[in-house]
Amino acid sequence: MSNKIIKKEKLAYNIHLIEVEAPLIAKAAKPGQFIVIRINEKGERVPLTIADKHAESGTIEIIFQEAGASTKFLASLKAGEYINDILGPLGTPAHIEKLGTVVVIGGGVGIAEIYPAIKAYKSAGNKLVTIIGARSKDLLIKESKIKEASDELHVTTDDGSAGRKGFVSDILKERIEGKEKIGLVYAVGPVPMMEVVSNVTKAAGIKTVVSLNTLMLDATGMCGVCRITVGGKTKFACVDGPEFDAHLVDFAELRTRLATYKDKEKEALEHICRLIK
Amino acid sequence: MSADKIDRHLMPERPANDRIKDFEEVAQGFSFEEAVAEAKRCIQCKNPKCVGGCPVEIDIPGFLKYLAAGDIEGAIKKIKEKNSLPAVCGRVCPQEDQCEKVCILGIKGKPVAIGALERFAADWERETKKLAGKPVSQLASEKIETGTRAYGHTGTRVAVVGSGPAGLTCAGDLARMGYKVTMFESLHLPGGVLSYGIPEFRLPKEIVKLEVEFVKSLGVELVCNALIGRTLTIEELFKQGYKAIFIGSGAGLPNQLGVPGENSQGVYFANEFLFRVNMMKAYKFPEYLTPVLMGKRVAVFGAGNVAMDAARCALRLGADKVSILYRRSRTEIPARQEEIIRAEEEGIEFTLLVAPTEIIADDKGRVKQVELLKMELGEPDASGRRRPVPVAGSEFKLDVDMVIVAIGNSPNPLIPKATPELKTEKWGGVIINNETATSIPGVFAGGDIVRGAATVISAMGDGKAAAKAIDNYLM
């Protein structure tokens, strides 16, 4: 009844979608929330954003990029197999309100994570301008679904293989220079992308929310690994976040904390590659 | 020779230089002969003070009488009338502040080793039943008489939130009263602090597992990976048909030093560090995929049992030097005497009367030093302990590559946050009346969620009191 993978799909190079049975989470999940999974008895606890949910069938979707040992391992699972543990939904849901025009930005695998927010802001009566960006065309995901849910969709790639050559921030800057008032910018993606977006909107005085991918362990408000300085105060992403006011986030600290296990991650990846060979 | 003239027997321990190489248990337990001889030291007081010293009111002279006669089965049955987790309590209870503190033999000599004997009886039962291939369900268990409708309420459903010491005790007692209990655990394994917090070398996880199995064998259903407040709310639990709810959701976010640099790379809060090591078995990385940093020069702030556990884990992970840094003096150290001595034997250094002013990181954001300020003791504060006062201009620096902050935690914030009707103290503790009832009818609470950070046994006492209160409420 629970935790069974019912669909596995490769969306792009090294990016996969898994649809898994998790009826309680499918019922309770709200935009901006995440889950923690543990693949098997020896696995680590991995936080993943809920990319979509299907309350009727009791399933949720997660989209992830093969980056470290656990995501490599997760990518080796097939439909019909089970994930040992799934906990969620976690984190404080996104604060959705009507603000007029909302610009939602997704970068890399963060594109998958903005979909629930786009739908929620749209149904709250906002005009949705969505900007997605990736290194190249092969890494763009969910484009048609996002296009359908948005009023406007802009695409950028670093190499120009799809959409405009350049970065999401280029299009954001142009929109800001235009006449239309922007009520909110909502950005999810790699830390450098979120930081650039934040700097751009800070100068323009536009409220901006980012969803942070901090380290997580129990993710239930206990261990404190997800802490991050926001507005000079220590906040905990699993309780107070994962969404924060971008202009108050200490991105340099976030980068440092995310790099804590860099050396260990290599070792773990080698171990997993030997196992799943 | 009268009984009180025989010296208290000491539990054998592995030598320090041997035990720091692994995570295997330190204390080794009594032999049958030692246990019987130690149990015979009990003079069977007519008005036993020890029972009053036990938060779960074990009939201590009762079980010692069986043990003294060599009847271990009788002893463990007597213990389990009141305590579902004897193998745990025999290991981690601060007996020196409870039952053994008030033992009459302690006035002139040394008290009976009650904790070690409780452990002996529980270990004997587990080992012999295991050897005989018997299931856990055949371990000793006694039904508990309830108020007026003894066993007439089979099928009344009660939800227990959290499977730590408070939850396990409450669930076990309710099941023995005949209630149909579901215990919800947010983590992937049950046991709460017994699983994520207390290290293997002090409390083997196999023992925790079997104690949980025992509680399940009483009829308690365990649901892991269910975070009440997020996966399901308190309101939804009532809608699902639970007639009463016990909240034992335990510890929450860590207390912070509040000095610059606390979020640098290499600074752990004790719960994170211990969770990685104990729950996730990071000491077996990469076979187990959860990583943990292995500092060479480790500073631990705080001097409670959690600080001792963290320091001794860091040592076992390969640290060259581990220092406990504490702002008061030796007399005020809150950890159990036994744990302080074991830590010292293992080579943990105690730097007393110092407080941090800053954690200093290198250009990559990794911790490289702590700046400390010397303290001296002034007048007693609200806790009755002498207040540490900074010595002006006494700052000095210590080179370290890992810091563990072990200065306590607040109650877990999630259920109060998700349940606005649930009244809490300003510092986050759930408010209960003297019968464990919260501000919501039918909702009871106990353990760290009420007390902040407390002991395993006080949480168990709360769980026991809550089971009685829930029985009264449902009558």
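**Close-up views of a predicted two-chain model**

**View 1. Pro89(A) sits in strand S6 (residues 85–90) of chain A.** This is a predicted model, and here we zoom in on a peptide bond. The bond joining Gly88(A) and Pro89(A) is cis, with omega about -5°.

**View 2. Another cis peptide bond, this time from Phe285(B) to Pro286(B).** Omega is near 0° for this one. Pro286(B) belongs to a loop, the one running between helix H13 (270–279) and strand S7 (297–301) of chain B.

**View 3. Helix H3 (residues 110–123) of chain A, kinked and largely enclosed.** The kink comes to about 30° and is centred on Pro116(A). Even so, the end-to-end length works out: 14 residues at 1.5 Å a residue should span 20 Å, and the end C-alpha atoms are 21 Å apart, which agrees. Because 10 of the 14 residues are buried, H3(A) is largely enclosed by the rest of the structure. Pro116(A) is itself one of the buried residues, and Gly110(A), Ile111(A), Ala112(A), Ile114(A) and Tyr115(A) are also among them. Further along H3(A), Ala117(A), Ile118(A), Ala120(A) and Tyr121(A) are buried as well. What covers these buried residues? The cover includes strands S4 (46–54), S5 (59–65), S7 (101–107), S8 (127–134) and S11 (184–188) of chain A, along with helix H4 (143–149) of chain A. After H3(A) comes Gly125(A), with a positive phi near 95°.

**View 4. Helix H14 (residues 305–316) of chain B, another largely enclosed helix.** H14(B) has 12 residues and reaches 17 Å from first C-alpha to last, close to the 16 Å expected at 1.5 Å a residue. With 10 of those 12 residues buried, H14(B) is largely enclosed by the rest of the structure. The buried set includes Asp309(B), Arg312(B) and Arg316(B), and also Met308(B), Cys313(B) and Leu315(B). Ala307(B), Ala310(B), Ala311(B) and Ala314(B) are buried too. Just after H14(B), look for Gly318(B), where phi is positive at about 110°.

**View 5. The largest cavity, with Cys42(B), Cys45(B), Cys50(B), Cys103(B) and Ile104(B) nearest its centre.** A search of the whole structure turns up six cavities of 30 Å³ or more, and the largest holds about 130 Å³ of space. Its lining is made up of 15 residues. Helix H3 (49–52) and helix H4 (60–68) of chain B are the elements giving two or more residues to that lining. Which element gives the largest share? That would be H4(B), with three residues.

**View 6. Tyr66(B) in helix H4 of chain B.** Tyr66(B) counts as partly exposed, at 35% relative accessibility. Beyond its neighbours within four places in sequence, Tyr66(B) is in contact with Asp71(B), Gly74(B), Ala75(B) and Lys78(B). For a sense of scale, take Ala270(B): it is 204 residues away from Tyr66(B) along the chain, and the two C-alpha atoms are separated by 41 Å.

**View 7. Ala219(A), a residue other than glycine with positive phi.** Phi is near 65° at Ala219(A). This alanine is found in the loop between strand S12 (208–211) and strand S13 (227–230) of chain A. Is Ala219(A) buried or exposed? Its relative accessible area is 4%, so Ala219(A) is buried, the cut-off being under 20%.

**View 8. Glu57(B), also with a positive phi although it is not a glycine.** Here the angle is about 55°. Glu57(B) lies in the loop between H3 and H4 of chain B. At 37% relative accessibility, Glu57(B) counts as partly exposed.

**View 9. Gly248(B) in the loop between strand S4 (244–247) and strand S5 (251–254) of chain B.** Gly248(B) counts as buried, with 11% relative accessibility. What does Gly248(B) touch, not counting residues up to four places away in sequence? The contacts are Val161(B), Gly162(B), Gly446(B) and Ile449(B). Ala159(B) makes a handy reference point: Gly248(B) and Ala159(B) are 89 residues apart in sequence and 11 Å apart in space, C-alpha to C-alpha.

Notes:
Residues are numbered from 1 along each chain as its sequence is written. Chains are lettered from A and ligands numbered from 1 in the order in which they are written. This is a predicted model: local features need pLDDT of at least 70, side-chain atom pairs count only at pLDDT 80 or more; totals for chains, interfaces and linings use all residues. Side-chain values use heavy atoms; hydrogens and water are left out. On a 1 Å grid over the protein atoms alone, a cavity is a set of points where a 1.4 Å probe fits but cannot get out, and a pocket is an open set with protein on both sides within 12 Å along at least five of seven lines; lining residues have an atom within 4 Å of a point. Grid points are joined across faces, edges and corners, and a volume is the space filled by probe spheres set on the points. Helices (H or I, at least four residues) and strands (E, at least two) are DSSP runs, numbered from the N terminus. The expected span of a helix is 1.5 Å times one less than its number of residues. The bend at a residue is the angle between axes fitted to the seven residues ending there and the seven starting there. Buried means under 20% relative accessible area, exposed over 50%, partly exposed in between (1.4 Å probe, protein chains only). Contact means heavy atoms within 4.5 Å.
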